Amino acid sequence: MSTTVGDYLLQRLREWGVDHVFGYAGDGINGLLSAWEKAGNEPRFVQARHEEMAAFEAVGYAKFTGRVGVCTATSGPGAIHLLNGLYDAKLDHVPVVAIVGQTARSAMGGSYQQEVDLHTLFKDVASEYCETVMVAEQLPNVLDRAMRIAASRRTVTALIIPSDVQELEYTPPSHAFKMVPSSLDLSWSAPVPAADQLDRAAEILNAGEKVAILVGQGARGAVDEVTELAQLTGAGVAKALLGKDVLSDELPWVTGSIGLLGTRPSYEMMMDCDTLLVVGSNFPYSQFLPPFDQARAIQIDLDPTMIGMRYPFEVNLVGDAARTLQALIPLVHRKPDQSWRSGIESNVRRWWEVMDRRAHTSADPINPELVFHELSGRLPSNAIVAADSGSAANWYARHIRFRDDMRGSLSGTLATMGPGVPYVFGAKFGLPDRPAYALVGDGAMQMNGINELITIAKYWQEWADPRLVVAVLHNNDLNQVTWELRAMGGSPQFLPSQQLPEFPYAGYARLLGLHGVTAEKPEEVGPAWDEALRADRPCVVEFRTDPAVPPIPPHATWDQLEKALESIVRGDTDRASMIKEGFKSKVQEFLPGKS
């Protein structure tokens, strides 16, 4: 039996070390599906419920394993469905390769069924590399470049393969004119800035008296170096949300997340520092960085196209975070005055006290902050955690304290709804021996998480560790948008757009053969987590939470909080008053403004 283009494609993926491809079938990739059957399902085809979920699964796999995620879909509608998940990968700088089918070459340009201009469709999301395989000899070079570019540039690439090409007999490129050979090797040297640039950066750090460091996901491989530099400079370290798992929140000088979902210690440190070092982060919100005339600043990033955009940096160092810091550290002097560091640590201790008080503020029926507060200390040291977009991201950012080997992520830049469940599902195929947790709102759960429970039910028994917990904040409200309406529009809630239909999330999980737990009272939160965490199969734990608990920005004053709470009076006077009094008794003293 001859080797087809489809056969060789799967062989080449195996040679690249690809072990899973997330996708959904369709006749536009029938040639590939036939090849998968002949290959004994190697690499493994993982069937999602929808192509968007397949893309999110590939993103989750790539985020948590550090490897290239691969997804596949048919032509036309299948390719279109991939887009949102692929944009999530592109904007968060995650390596993903999309392999999509296309109408047969003989029908192209004829307005044929499911014929879509895929090059135009993928022109932006796969802007670094998007190619159509028209003859068999193209395949190795096109696939190799897609894998290599995705991995080295941390981006999305796409291969478009017409359905008839998939079934052609494979012939390799020959040693001839207009043939392009290829190779599999993926090795390159991480750059280090020149000595004079490092000297300039060291001069700024040595001159500063109040040093602040901001780390993002690009600093994940430089934990020891960031720690040593923070000790030398007496700096505190804030974390962008995509870098939340870079440093342990147990460290007393780690101020936590930064930005609208961030912590007050991070905000205060940025507002008071005289020196800023940003390592591996593209944090975009300059209003949460120091005033422009206040701090001298340095940036370190591997990607030269992402340098110097977010702040008037004095020195921009293009290089690998760990190697650049290793070269910089010997030039930095230890600061004898630790009063700046002592103040940061005091603010951090105070913040965690605030978080404890806020979690125990009265609500009806359950304060969502209590849900995350109770989970944090229960998480295993090797947990994988994904938060969905929405109010769940607020509580994830502030209440979940990362430590040890814990990993976490969310849709950081696109901030799309829906990736929480498929992220951890995809991660379980790369890291099947680690427990995983998806923290989602009921809006995201109704959007697509419910269907992904079917996918979990299909595959969970194959995992070495069957624990996959999906926590649902059940408040029948698109809560983040509701609070945005209150903050920006002065509207208590626009029910036709915000109110969600009732759905039995835990009950549905039980129908699928999964475990299901429901908590409807504050005293049931801890026991519900305990039951979910010891379950012998994936579990949905459903918390009946109060949508009237406000996600307070880190720079909020008591006056602003009071105004926000008063905005819900038109909806429910008694509840608004109860929440307001609870916050007044527990956290008012920690907010600036009238007392």
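Select β4 and strand β6 (residues 156-162): the two pair in the parallel sense over seven bridges. Strands here are DSSP runs (E, at least two residues), helices are H or I runs of at least four, and both are numbered from the N terminus. Two strands count as paired if DSSP finds at least two bridges between them. This is a predicted model, where local features need pLDDT of at least 70 and side-chain atom pairs pLDDT 80 or more, while totals for chains, interfaces and linings use all residues. Residues are numbered from 1 along each chain as its sequence is written, and side-chain values use heavy atoms, without hydrogens and water.

Pick V96 next. Its bridge partner in β6 is V156.

Now show strand β3 (residues 69-73). β3 pairs with β4 in the parallel sense, over five bridges. T72 stands opposite I99 of β4. Follow the chain from β3 through helix α4 (residues 77-91) to β4: this β-α-β crossover is right-handed. That is, with the strands pointing away from the viewer, the path from the first strand over the helix to the second runs clockwise.

Colour β4 (residues 96-102) by accessibility. Seven of its seven residues are buried, meaning under 20% relative accessible area with a 1.4 Å probe and protein chains only; exposed is over 50%, partly exposed in between. V96, A98, V100 and Q102 point one way. V97, I99 and G101 point the other way.

Last stop: M134, in the loop between β5 (130-132) and α6 (139-153). M134 is partly exposed, at 33% relative accessible area.
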